Amino acid sequence: MMRSSPVRRYLPAIGLVTVFYGINILLGLGRDSVLAAKFGATEQLDALLLGLNFARTLGISLALAVAGVLIPVFTPLILAQDLRVVLNLSGRWVGASMIALIPLSLLLAYFASPVAKLLGPGLGSAGLGELSRVLVILSPLLIILACAGLGKALSESYGTYFAYPLFLGLCTLGLIAGVLLASPWGVQSAALGMLGGGVAGLAVLTALIGRRSPLKHAWRAKNPKPPATVPPAPRLPIRNVLFLLGSSLLVLAQGLVERAYASQLPPGSVVALSLSLN
């Protein structure tokens, strides 16, 4: 009996991931169309896009850095059925990341006005006020996206590759829904929708991990017998995450400089730049 080639085994997963990322591209086009139709090429939309680009790009860079480091750690442990080690390592990672990210989010919310002046030096007082409020609303998004990075690492370690693009799609859907349902709030409705979509996406990502991964079997044995030799707990690869994150921040810095310069041009220039880059 001939075994199926590895390429044929992975073709369904590749096709499914391609479909989900394709849907994300279409949702991004829909998002841009809704924002342009609702707010036009205005300073308020410039402020929203400056805040979204900063929070979203920083959070996604952190998520990809976390996933890129943890997937090589989780995969051999899951293949070896060391599921409790994976759960222990995940819990320690959540604790360590929250110690850093919760103060970072609070600082971003507290210093939203100075950060807004750095991101949009050419905006007027009204635009800076909108950007400050958007940054305050989106400050918890850093925590959500970092947790999504851990979810991406766990889900892709056992072969569920569509979970993370599904999370991103729900974030975009939340933004669109926020604009359509809470339009009296202006551009802040889009930021609130993005945050709500991130919470919903993280809940779906967690549910997929709980239902489809082998980690659910790790909780069944209430009093497992201790192994003959207790291996040392794996160290958290924090240094590797910081290295990858630092590399990603160079790309983020380039985008910030481009948009900061565009904010000094006539209103709508940040909108035009963002649409051209998308």
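This text leads through a predicted model, from its confidence to its aromatic pairs and then to a cavity.

Residues are numbered from 1 along each chain as its sequence is written. Because the model is predicted, local features need pLDDT of at least 70 and side-chain atom pairs count only at pLDDT 80 or more, while totals for chains, interfaces and linings use all residues, and side-chain values use heavy atoms, with hydrogens and water left out.

The confidence score, pLDDT, is given by the predictor for each residue on a scale from 0 to 100. The protein averages a pLDDT of 81, and 83% of the residues score at least 70. Confidence is highest in helix H4 (residues 112-119), at a mean of 93, and lowest in helix H9 (residues 238-262), at 75; helices here are DSSP runs (H or I, at least four residues), numbered from the N terminus. Over residues 219-223 pLDDT stays under 50, and for this stretch the model has three contacts beyond four places in sequence, a contact being heavy atoms within 4.5 Å. Where pLDDT is low, the predicted coordinates should not be read in detail.

Aromatic rings come next. Rings of Phe, Tyr and Trp (its six-membered ring) pair if their centres lie within 6.5 Å, and planes under 30 degrees apart count as stacked, over 60 as edge-to-face and the rest as tilted. By this rule there are three aromatic pairs. One of them joins Phe20 and Phe162, which are stacked at 5.4 Å centre to centre with 20° between the planes. Phe20 lies in helix H1 (residues 6-39) and Phe162 in the loop between H6 and helix H7 (163-181), so this pair ties together parts that are 142 residues apart in sequence. Both Phe20 and Phe162 are buried, where buried means under 20% relative accessible area, exposed over 50% and partly exposed in between (1.4 Å probe, protein chains only).

Tyr164 and Phe167 form another stacked pair, at 6.0 Å centre to centre with 25° between the planes. These two residues are three apart in helix H7, and therefore separated by about one helical turn. Tyr164 counts as buried because its relative accessibility is 2%, and Phe167 counts as buried at 1%.

Finally, the model holds one cavity of 30 Å³ or more, a cavity being a set of points on a 1 Å grid over the protein atoms alone where a 1.4 Å probe fits but cannot get out, with lining residues having an atom within 4 Å of a point. The largest cavity has a volume of about 40 Å³, the volume being the space filled by probe spheres set on the points, which are joined across faces, edges and corners. Four residues of its lining, the largest share, come from H3.

Conventions: 1 Å grid on protein atoms, 1.4 Å probe; cavity = no way out; pocket = protein on both sides within 12 Å on 5 of 7 lines; lining within 4 Å.
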